[in-house]
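Biologist: I'd like a guided read of this one, starting with the ligands. Could you walk me through it?

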Amino acid sequence: MTKIAFIGAGSMSEALISGIISSKMISNENIFVTNNSNKERLNYLHSQYGVNFTYELDELVQDADVIILAMKPKDVKQGVGSIQAYLSEKTLLISVLAGVSIKSLELLAGKKLSVARAMPNTSAAVGKSATGIAVNETVTDKQMELILNIFQTVGLTAVVEETKLDAVTGLSGSGPAYFYYIVEAMEKGALEVGLDPDMANDLIIQTLKGAAEMMATSKKSPLELRQNVTSPGGTTEAGIKVLESFDVQTAFINCMKEAVARSKTMGDAISEELKVSN
Ligand SMILES: NC(=O)C1=CN([C@@H]2O[C@H](COP(=O)(O)OP(=O)(O)OC[C@H]3O[C@@H](n4cnc5c(N)ncnc54)[C@H](O)[C@@H]3O)[C@@H](O)[C@H]2O)C=CC1
Ligand SMILES: O=C(O)[C@@H]1CCC=N1
């Protein structure tokens with residue numbers, strides 16, 4: 001049976017653990033998790049999902065087929081450093097860290113091993129992640145199947161060249177936050193036009209789900225779907241004119257570009273640090 005060790009016990013680890021357990025892909029006794037120091041958090045994951053938690057490295061990573069790195073990018077050096085002695089050419093190392101390159105992970109590991117870089121999003125918690133995945137040349141077909149199986153338990157996967165992962169991060173890694181931001185604004189607007197907040201929230205979520213389902217199932221482009229909503233001289237046209245006056249589409253394009261640039265900067269900072277110390 002495959003053994004998986006999670007280094008980091010935050011929201012991303014929890015989402016993946018939840019997906020893996022509910023798909024029954026790997027049973028809870030073969031999943032191990034650790035974090036920096038918050039034992040209460042590990043206790044919670046144990047009581048919620050039945051996974052093992054430990055601060056003993058032997059127990060955590062000895063014989064692990066897969067190690068999933070899920071700490072913040074700034075903590076990667078310390079995180080990989082602590083388990084480095086346990087890594088072998090048989091280990092499959094999967095990182096979900098924004099920006100951190102496969103090359104940096106290989107340097108930190110200090111040996112030749114299979115490395116995958118994945119960029120899921122928090123909708124993994126409800127099985128609806130959109131996950132970009134890139135791997136190094138050491139990853140075997142069997143390991144690739146395992147990687148895809150893991151991330152398919154939490155949603156859709158797309159295998160991409162590593163050069164595209166920063167772009168995927170700015171698009172779908174951060175993407176849920178962009179939609180939450182719009183919904184926040186719609187909630188504020190709903191209050192201002194006199195709607196009950198709970199009812200407005202239900203209406204907004206259903207509208208978002210409906211629009212997503214339309215885009216997923218209809219052959220029409222988002223532009224055509226928008227035109228179908230927009231009666232000439234009607235309410236939608238009046239509303240969209242305001243968005244256009246604020247150049248909201250350009251703002252979103254720039255928002256994505258900035259997120260992509262930040263992913264690159266975070267990764268470059270770590271590459272630079274490794275060049276210095278290697
Ligand atoms: N939250 C998100 O939307 C997404 C996050 N990611 C990536 O996932 C990673 C984790 O994100 P979150 O779960 O949101 O972060 P988080 O801050 O909730 O969790 C980080 C975890 O790592 C642990 N940790 C830190 N240093 C450690 C070390 N040396 N050894 C063991 N554990 C250590 C912390 O104790 C904590 O449990 C980040 O690198 C982020 O770039 C990727 C896709 C989406
Ligand atoms: O904001 C971040 O850095 C992480 C990576 C993608 C989503 N959240």
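**Reading the ligands, the sheet and the domains**

Modeller: Of the 27 residues around ligand 1, Gly 8, Gly 10, Met 12, Asn 35 and Ala 98 come nearest; "around" means that the C-beta atom, placed from the backbone, lies within 6 Å of the molecule. Bear in mind that this is a predicted model, where local features need pLDDT of at least 70 and side-chain atom pairs count only at pLDDT 80 or more, while totals for chains, interfaces and linings use all residues. Residues are numbered from 1 along each chain as its sequence is written, and chains are lettered from A and ligands numbered from 1 in the order in which they are written.

Biologist: Which helices each supply at least two residues of the shell around ligand 1?

Modeller: Helices are DSSP runs of H or I with at least four residues, strands are E runs of at least two, and both are numbered from the N terminus. Here H1 and helix H4 (76-83) do the supplying.

Biologist: How do I read the shell around ligand 1 by class?

Modeller: Ala, Val, Leu, Ile, Met, Phe, Trp, Tyr, Cys and Pro count as nonpolar, Asp, Glu, Lys and Arg as charged, and the others, Gly among them, as polar. That gives eleven nonpolar, 14 polar and two charged residues for ligand 1. Ligand 2 has Ala 98, Thr 169, Gly 173 and Ser 174 around it, which by class is one nonpolar, three polar and no charged residues.

Biologist: What is the strand order in the open sheet?

Modeller: Strands of a sheet pair through backbone hydrogen bonds, either parallel or antiparallel. A pair counts if DSSP finds at least two bridges between the strands. This sheet has eight strands in the order E3-E2-E1-E4-E5-E6-E7-E8, and the pairing is mixed. Strands E3 (52-53) and E8 (155-159) are at the edges with a single partner strand each, so one side of each has no neighbour in the sheet. E2 (residues 31-34) runs parallel to E3 and is joined to it by two bridges, with Val 33 opposite Phe 53.

Biologist: And where is the protein chain divided into domains?

Modeller: The bounds come from an automatic or database domain assignment: domain 1 is 4-162 and domain 2 is 175-246. Their centres, taken over C-alpha atoms, are separated by 36 Å.

Biologist: How much helix and strand is there over residues 162-266?

Modeller: That stretch is 82% helix and 0% strand. An unreviewed UniProt entry places "domain: Pyrroline-5-carboxylate reductase dimerisation" there; such annotations may be inferred rather than shown by experiment, feature names are shortened, and positions follow the numbering used here.
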